[in-house]
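Morning, everyone. Have a look at the structure first.

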Amino acid sequence: MTHHRGSPALGTMQNNLKEHLYKILVIGDLGVGKTSIIKRYVHQTYSTNYRATIGVDFALKVLNWDSETVRLQLWDIAGQERFGNMTRVYYREAMGAFIVFDSTRPTTFEAVTKWKEDLDSKLTLANGQSIATVLLANKCDQGRDVLNNNGIKMEQFCKENGFAGWFETSAKENININEAANFLVKHIIASENDILKSVVPDTISPQLGSSKEVSCSSCFKS
Ligand SMILES: Nc1nc2c(ncn2[C@@H]2O[C@H](COP(=O)(O)OP(=O)(O)O)[C@@H](O)[C@H]2O)c(=O)[nH]1
Ligand SMILES: [Mg+2]
């Protein structure tokens, strides 16, 4: 039986270039520079007074990544920082996060673990891992009291608390923001590959009598 079908719509044809869209959360205490970092990264601007609009704000950054396109959807928060936590709905489907503190204000560093715990308790990847998270010590142009005085080795702190790494940044002087973002994207892509590996085994061996069906096996039924 043959169906006569019209030619496939050109618009539905896939090109070879892969596109990635990643939701990235930017969290941390009030005034640490979350909005400033996003504005610097996405719009190349800096201002000393961003009005705290209540709610959630988005900014989109497009990167060329090894001949592929990576779109980063950066989620800013405003007005909810004082609660020190966010709803699951806000975190949903994020693939990466920046947790920001102000390197001149110790209390904002103390809040970092609280933010990390909130994030990890409400969001995990399909393989049960937490999402790629990078710690930012912002306002490094103003000083690094927190880093100098608390006696904590940051590498150690990152390891113990599940951060992929950390950067000293300045939204004001444009220091390390692109570097931190590239680092995060690298880790997001790695975690995405991990998920794919855990979902699609390298070799598909039929298991007789297995009650567990690999959901994809139906693709191979004739
Ligand atoms: N010196 C300095 N000030 C900054 C930096 N980033 C942000 N700020 C200032 O810190 C204040 C709070 O920044 P904002 O982005 O609104 O913080 P948010 O509440 O985390 O979004 C503003 O006055 C910013 O101009 C930075 O890298 N260096
Ligand atoms: Mg803000």
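Which residue follows α5, and is its phi positive or negative? It is Gly162, and the phi is positive, near 75°. Keep in mind throughout that this is a predicted model.

Let's stay with α5. Its buried residues are Met154, Phe157 and Cys158. Looking down the helix axis, the buried residues of α5 fall within an arc of 100°, so they line one face. An α-helix has 3.6 residues a turn, so positions three or four apart point the same way.

Next, the pairing of α3 with α5. Helix α3 covers residues 106-122, and helix α5 covers residues 154-161. Their axes come within 11 Å and cross at roughly 25°. The cut-off for roughly parallel is under 35 degrees, so α3 counts as roughly parallel to α5. The crossing is right-handed.

Who meets whom? From α3, we have Phe109, Val112, Thr113 and Lys116. From α5, they meet Met154, Phe157 and Asn161. By type, the contact divides into 4 nonpolar residues, 2 polar and 1 charged.

Let me pick out Lys116. This lysine sits in helix α3. Is Lys116 buried or exposed? Buried, because its relative accessible area is 3%, and the cut-off for buried is under 20%. What does Lys116 touch, leaving out residues up to four places away in sequence? Its partners are Ile99, Ser130, Thr133, Asn161, Gly162 and Phe163.

Last stop, α1. This helix runs over residues 34-43. How many of its 10 residues are buried? The count is 7, and the helix is mostly covered. The buried set is Lys34, Ser36, Ile37, Ile38, Arg40, Tyr41 and Val42. Note that Lys34 and Arg40 are in that buried set. After α1 comes Gln44, again with a positive phi, near 55°.

That's my tour. Over to you.

Technical notes:
Residues are numbered from 1 along each chain as its sequence is written. Chains are lettered from A and ligands numbered from 1 in the order in which they are written. This is a predicted model: local features need pLDDT of at least 70, side-chain atom pairs count only at pLDDT 80 or more; totals for chains, interfaces and linings use all residues. Side-chain values use heavy atoms; hydrogens and water are left out. Axes are lines fitted to C-alpha atoms, for helices over the stretch in contact, and angles run from 0 to 180 degrees between N-to-C directions. Helices (H or I, at least four residues) and strands (E, at least two) are DSSP runs, numbered from the N terminus. Angles under 35 degrees count as roughly parallel, over 145 as roughly antiparallel, 65 to 115 as roughly perpendicular and the rest as oblique. A crossing is left-handed if the near helix is turned anticlockwise from the far one by less than a right angle, and right-handed if clockwise. Contact means heavy atoms within 4.5 Å. Ala, Val, Leu, Ile, Met, Phe, Trp, Tyr, Cys and Pro count as nonpolar, Asp, Glu, Lys and Arg as charged, and the others, Gly among them, as polar. Buried means under 20% relative accessible area, exposed over 50%, partly exposed in between (1.4 Å probe, protein chains only). The arc is that of the directions from the helix axis to the C-beta atoms.
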